[in-house]
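Good morning, and thank you for coming. I shall speak briefly about the model now on the screen.

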Amino acid sequence: MNFNQSVRLSVLAGAVAMALPMLASAQIKVGITVASTGPAASLGIPERNTVSLLPTEIAGQKIEYIVLDDGTDTTVAVKNMRKLITDDKVDVVVGTSVTPGSLAMVDVAGETKTPMISVAANAKIVDPVEGAREWVFKTPQNDQLMAGALADAMAKQGVKTLGFIGYSDAYGEGWLNVMTEAAKAKGIKMVAVERYGRTDTSVTGQALKLVAAKPDGILVAGSGTPVALPQRELKSRGYKGIMYQTHGAANNDVLRVCGKDCNDMILPAGPLLVADQLPDSNPVKKSALEYKTKYEAKYGEGTINTFGGHMWDAGLLISTAIPAALKSGAKPGTAEFRKALRDAIEQIKDLPASQGVFTMSSTDHAGFDNRARVIVKVVDGKWTYQPDL
């Protein structure tokens with residue numbers, strides 16, 4: 001072998017060595033940040049658990065999931081997202097569990113042109129679909145959709161006046177706005193408004209004010225186990241009206257923490273929560289039961305909740321979009337593929353999921369209609385479908 005041949009072989013060997021990590025990174029990477037710890041851990045833990053049920057290969061392409069915990073901290077959620085995009089080179093980000101963190105992540109999605117699927121509920125995460133929000137989707141139902149269901153139920157139950165206690169953050173404020181509007185449309189007057197923090201240990205003052213206002217019903221606008229605090233306090237202060245919660249309370253941990261004080265509370269929820277009780281004609285029942293069966297087979301009977309369902313549905317959106325994105329010719333790990341994936345998610349139509357049926361568009365990045373909500377009542381410590389409400 002002469003010198004020139006040796007140089008050529010060395011260059012070729014170096015090129016092959018450099019290509020190996022490029023080939024390895026050709027798999028599709030999904031970055032995930034959820035609140036596995038902190039005040040929203042009862043949301044983030046089932047979301048994290050659900051990742052283990054998502055497909056690891058789609059259209060012949062390996063899928064890698066990189067899961068981080070943000071501790072229900074907005075700053076950490078943003079930091080995690082930047083790490084996933086910059087260091088791990090993910091193609092899409094899913095997260096986070098709560099509204100404040102998700103809202104903060106929206107700008108990062110737009111700045112880096114990375115598709116993001118939030119598993120938090122507030123409509124402002126995706127609405128209006130412009131600027132950075134063109135890159136953002138979400139799987140939980142919009143607050144307006146659920147507030148409308150609550151207002152309908154309240155009207156059927158003869159509620160004329162309503163009290164409100166919600167988180168002192170974007171989640172609570174969003175619910176105050178949409179519930180006030182939905183209630184007004186049904187002739188229901190908001191007569192008392194109180195707020196509390198996710199980590200508060202007492203709401204005695206707020207409860208006393210609400211009881212003094214004597215509303216026909218009171219709505220607690222929170223998520224996860226912290227919703228039990230005002231629920232229990234109001235009951236202990238002798239409130240006899242109807243207690244309502246948002247879909248943020250659709251969690252078995254809430255029932256565990258709240259105990260008998262949660263009996264008779266009413267909330268809107270995704271169909272997944274009462275999938276077994278739905279009629280066979282419900283278009284969501286089959287897909288909801290598929291997830292429920294897989295989750296409970298791994299984590300135990302009765303462990304299912306709607307928050308894990310939001311992660312399952314994010315996985316469905318990604319799984320459905322990947323084949324279309326690959327057909328564009330773009331390669332995973334590139335800006336072109338991220339754009340193709342975003343476009344493919346936006347074009348999804350009539351996709352049954354665990355919580356509803358997705359139909360995305362250039363003006364709707366939530367994609368749900370009335371099929372994504374049911375009214376549920378807690379009866380003897382169990383979620384009970386209320387078809388008449």
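**A loop, a sheet and its helices**

Let me begin with Gly187, which is placed in the loop between helix H6 (170-185) and strand E8 (189-196); helices (H or I, at least four residues) and strands (E, at least two) are DSSP runs, numbered from the N terminus. Gly187 is exposed, at 53% relative accessibility, where exposed means over 50% relative accessible area and buried under 20%, with partly exposed in between (1.4 Å probe, protein chains only). Its C-alpha atom is separated by 6.9 Å from that of Lys160, 27 residues apart along the chain.

Two remarks on the source. This is a predicted model, in which local features need pLDDT of at least 70 and side-chain atom pairs count only at pLDDT 80 or more, while totals for chains, interfaces and linings use all residues. Residues are numbered from 1 along each chain as its sequence is written, and side-chain values use heavy atoms, leaving out hydrogens and water.

I turn to the sheet. Six strands form an open, mixed sheet in the order E2-E3-E1-E4-E5-E6; strands pair if DSSP finds at least two bridges between them. Strands E2 (57-58) and E6 (136-138) stand at the edges with a single partner strand each, so one side of each has no neighbour in the sheet. E1 (residues 28-34) and E4 (residues 92-95) pair in the parallel sense over four bridges, and Val30 stands opposite Val92 in E4.

Finally, the loops. Thr72, in the loop between E3 and H3, has a positive phi of about 60° although it is not a glycine. Thr72 is buried, at 18% relative accessible area.
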